[in-house]
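Open the model in a viewer and keep the selection tool ready. The stops below go from one selection to the next.

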Amino acid sequence: MAQTCTQIKNNMELSVIIVNWNTKKLLWDCLASICKFTQNVEFEVIVVDNNSNDGSRKMVKSRFPKVKLISNNDNLGFAKANNIGIKSATGKYILLLNSDTYLIENSLQKLVELAEKQENLGVLAPQLLNSDKSIQQSVGFFPDLPQVFFWMTFIDDLPFGQILKPYHVDHDVFYKSEQEIEWATGAAMFVPKNVIQKAGFLDEQIFMYGEDIEWCYRIKKAGFQIIYTPITKIVHIGRGSSGQISTKAFVGEFEGLKYFYTKHKSNFSLQILSILLKIGALARILLFGFLGRKDTARAYVKTFKVA
């Protein structure tokens, strides 16, 4: 049976943009959850498909005919595909949503209502949960050299780590209350459209990994706040289209950081970053090798080479 995932009456409040690449089942679950839980919001859903060959596009057309489907002829990457969706969107607000997420409550209404109360909102980040409903690490602070040092040396993993404004916040207590942060994962990122007009689109030079941090950096520089809120929860399975090979994520994050420094920092800072990344990668090679986690150790061998 076809399902309707769009509610449009007068003024469009929200455009939900989902980039898909060969995640047919996950995409179905995501769209079905939007249909099931969303009420009292005028919204549209835009699926931007990066040339999937698993029947994703046929599924969207047949099961969710009201969803706007944009079919690319190639895999254009996360940033460029999202930009295509943003340019097609008509909502006051944009929600970038990964295809490997699904709603468990009326998150769209809650996000819109909270956004309407904010005066200088740049990004609103909902709480993300893992499949087992535990809190997922999903926000942090910009990767300045002190933050990279704390990360590479495991200092920010210590009990007091959250007070250091870590690059990755992995302390559950932080996620219990609303916080001003500096970046949020693109897996679920709520952005007013007028902010994009001032800060610009996602950087299409980044194919995948790090584009959300770089975008938040420009949004913050434009004078907007980036806020994490536990007012609503969204489940994020993680690595839905890239598989479970951690090497891609590790290497992609290091490459993304080096690009970020090349674009926004001095050459001297870039050189220090490279040293810190090599130290961190070597430490992890030794640690995970000692723990018998050979696959993870091998993954960090590759990150050491790109650091």
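Which residue in S11 is the bridge partner of leucine 121? Select both strands to see the pair: the partner is glutamine 225. Note that this is a predicted model.

**Strands S6 and S11.** S6 covers residues 121-129 and S11 covers residues 225-236. The two strands run parallel and are joined by eight bridges. Now colour S6 by accessibility: nine of its nine residues are buried, so the strand is largely enclosed by the rest of the structure.

**The cores.** Next, select Ile17, Leu96, Val139, Ile181, Trp215 and Leu277, the residues with the most contacts inside the largest nonpolar core, which has 53 residues. A second, separate core holds 35 residues, including Leu27, Met59, Leu103 and Leu121. Return to leucine 96 and show its surroundings: leaving aside residues up to four places away in sequence, leucine 96 touches Ile17, Asn82, Ile86, Gly186, Ala187, Ala188, Met189, Leu202 and Trp215.

Select Leu158, Phe160 and Ile163, which make a nonpolar surface patch of about 300 Å². Isoleucine 163 sits in the loop between helix H5 (145-152) and strand S8 (179-181). Its relative accessibility is 63%, above the 50% cut-off, so isoleucine 163 counts as exposed.

**Helix H1.** Finally, select residues 24-37, helix H1, and pick out lysine 36 within it. Lysine 36 counts as exposed, because its relative accessibility is 63%.

Technical notes
Residues are numbered from 1 along each chain as its sequence is written. This is a predicted model: local features need pLDDT of at least 70, side-chain atom pairs count only at pLDDT 80 or more; totals for chains, interfaces and linings use all residues. Side-chain values use heavy atoms; hydrogens and water are left out. Patches are made of residues with over 30% relative accessible area and no salt bridge: like charges are joined within 9 Å, nonpolar side chains (Val, Leu, Ile, Met, Phe, Trp, Tyr) within 5 Å. Accessible areas come from the Shrake-Rupley method with a 1.4 Å probe; for residues, only the protein chains shown count as cover. A salt bridge is a side-chain nitrogen of Lys or Arg within 4 Å of a carboxyl oxygen of Asp or Glu. Helices (H or I, at least four residues) and strands (E, at least two) are DSSP runs, numbered from the N terminus. Buried means under 20% relative accessible area, exposed over 50%, partly exposed in between (1.4 Å probe, protein chains only). A nonpolar core is a set of buried Ala, Val, Leu, Ile, Met, Phe, Trp, Tyr and Cys residues joined through side-chain atoms within 4.5 Å. Contact means heavy atoms within 4.5 Å. Two strands pair if DSSP finds at least two bridges between them.
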